[in-house]
Amino acid sequence: MGRRRAPPQPGGTVTSEDPTVTAPLSDPSHLPVPPGVKHTWFEDAAGILVGTFVVSLGLFLLKSVHAVTGGTAGLSLLVGYVVDVPFGALFALINLPFFLLAISKKGWDFTIRTGICIAIVSVLSAVHPRMFGDLDLPVAYGVLAGNVLAGVGLLILFRHRSSVGGFNIVALVAQDRLGWRAGYVQMALDTVVVLASLTVVDVGTVLVSAAGAALLNLILAMNHRPGRYAGY
């Protein structure tokens, strides 16, 4: 016969099947974590569509105020200020080298999803200007709102086993293999891109862009921690 679970003990603790393990009732972190519930194909498709839309809208706001952010998206914006090439084309081109890393470290499923996300963001980058026209926004608002949207969009994509490529892939590999938080890894890489923007963007905009990039990665670091999210 199996062992009967002990009743709650006096003093606000519960006892597991191992009588040496107890935990306060007020501290749920010690309780067993329920198994993750896998996303359906519809949930994944909807998540990818919503995530890419939110990311692309955030990038549109950043471009509207001639600001930058981190990652290959920020690098694409930066290059786009120097050469007359559409953002979507630059974004897809710059992401190509990172696909080899994604295939070898994250597998074909993640890589295909990421390729789809990059394609959607590239297409939407041409749609938003036609829908909104030229926006006249304060730089600080455009940078902070753009990075918040991009951060939330990336979080949605991460939770549906996808990304928008580039530094996202490096950050997720570092989290999976080394246990480093993806947000902090990406923050370090993004710093390099933001500093490089000093060559083509005024100092004031760069400082606001740096604050926005930090906010984006803080959103990821707080909400996408190893072991926290159980749905796949």
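## Close-up views of a predicted model

**Figure 1. The side chains of Asp109 and Arg113 meet in a salt bridge, with 3.0 Å from N to O.** Welcome to the first close-up of this model, which is predicted. Why can these two side chains find each other? Asp109 and Arg113 are four residues apart in helix H3, so about one helical turn separates them. An α-helix has 3.6 residues a turn, so residues three or four places apart point the same way. Side chains of opposite charge can pair when their charged atoms come close. Is each partner buried or exposed? Asp109 is partly exposed, with a relative accessible area of 40%, whereas Arg113 is buried at 12%.

**Figure 2. Asp109 also forms a salt bridge with Arg161, where the closest N and O atoms are 3.2 Å apart.** Asp109 belongs to helix H3, while Arg161 sits in the loop between H4 and helix H5 (167-178), so this pair ties together parts that are 52 residues apart in sequence. Arg161 has 26% relative accessibility and therefore counts as partly exposed.

**Figure 3. Asp44 and Arg113 bring their side chains together in a salt bridge of 3.2 Å, N to O.** Here the pair links distant parts of the chain: Asp44 is in helix H1 (residues 41-64) and Arg113 in helix H3 (residues 87-132), 69 residues apart. Asp44 and Arg113 are both buried. The structure holds four salt bridges. Which residues do shared partners join into one network? Asp44, Asp109, Arg113 and Arg161 make up that network.

**Figure 4. The rings of Phe87 and Phe91 form a stacked aromatic pair.** The two centres lie 5.5 Å apart, and the angle between the planes is 15°. A pair of aromatic rings is described by the distance of the centres and the angle of the planes. Phe87 and Phe91 are four residues apart in helix H3, so about one helical turn separates them. Phe87 counts as buried at 9% relative accessibility, and Phe91 is buried with a relative accessible area of 0%.

**Figure 5. Trp41 and Phe42 meet as an edge-to-face pair.** Their structure holds three aromatic pairs. In this one, the ring centres are 6.1 Å apart and the planes stand at 90°, so the pair is edge-to-face. Are Trp41 and Phe42 buried or exposed? Both are exposed.

**Figure 6. The largest pocket contains about 460 Å³ of space.** Its lining has 23 residues, and Phe60, Lys63, Phe87, Ser125 and Pro129 lie nearest the centre. Phe87 is also a partner in the stacked pair with Phe91. Which elements give two or more residues to this lining? They are H1, helix H2 (71-80) and H3. H3 gives the most, with seven residues. Sorted by class, the lining has eleven nonpolar, nine polar and three charged residues.

**Figure 7. The largest cavity holds about 120 Å³ of space.** Rolling a probe the size of a water molecule over the atoms shows where empty space is left. How many cavities of 30 Å³ or more does a search of the whole structure find? The search finds one. The largest cavity is lined by 15 residues, with Gly70, Ala73, Leu154, Val164 and Gln186 nearest its centre. H1, H2, H4 and helix H6 (182-196) each give two or more residues to the lining, and H2 gives the most, with three. Seven lining residues are nonpolar, seven are polar and one is charged.

**Figure 8. Helix H4 runs through residues 139-158.** Across its 20 residues, H4 reaches 28 Å from the first C-alpha to the last, close to the 28 Å expected at 1.5 Å a residue. Buried residues of H4 include Gly142, Val143, Ala145, Gly146 and Leu154. Leu154 is also among the residues nearest the centre of the largest cavity.

**Figure 9. Stepping back, the chain has seven helices and two strands.** In what pattern do they follow one another along the sequence? The pattern reads β-β-α-α-α-α-α-α-α. The chain has 232 residues, and 42% of them count as buried.

Technical notes. Residues numbered from 1 in each chain as written. Predicted model: local features only at pLDDT ≥ 70, side-chain atom pairs only at ≥ 80, totals over all residues. Heavy atoms only, no water. Expected span 1.5 Å × (residues − 1). Buried < 20%, exposed > 50% of the residue type's maximum accessible area, 1.4 Å probe, protein only. Phe/Tyr/Trp six-rings, centres within 6.5 Å; stacked < 30°, edge-to-face > 60°. 1 Å grid on protein atoms, 1.4 Å probe; cavity = no way out; pocket = protein on both sides within 12 Å on 5 of 7 lines; lining within 4 Å. Points joined across faces, edges and corners; volume = space filled by probe spheres on them. Nonpolar A, V, L, I, M, F, W, Y, C, P; charged D, E, K, R; others polar.
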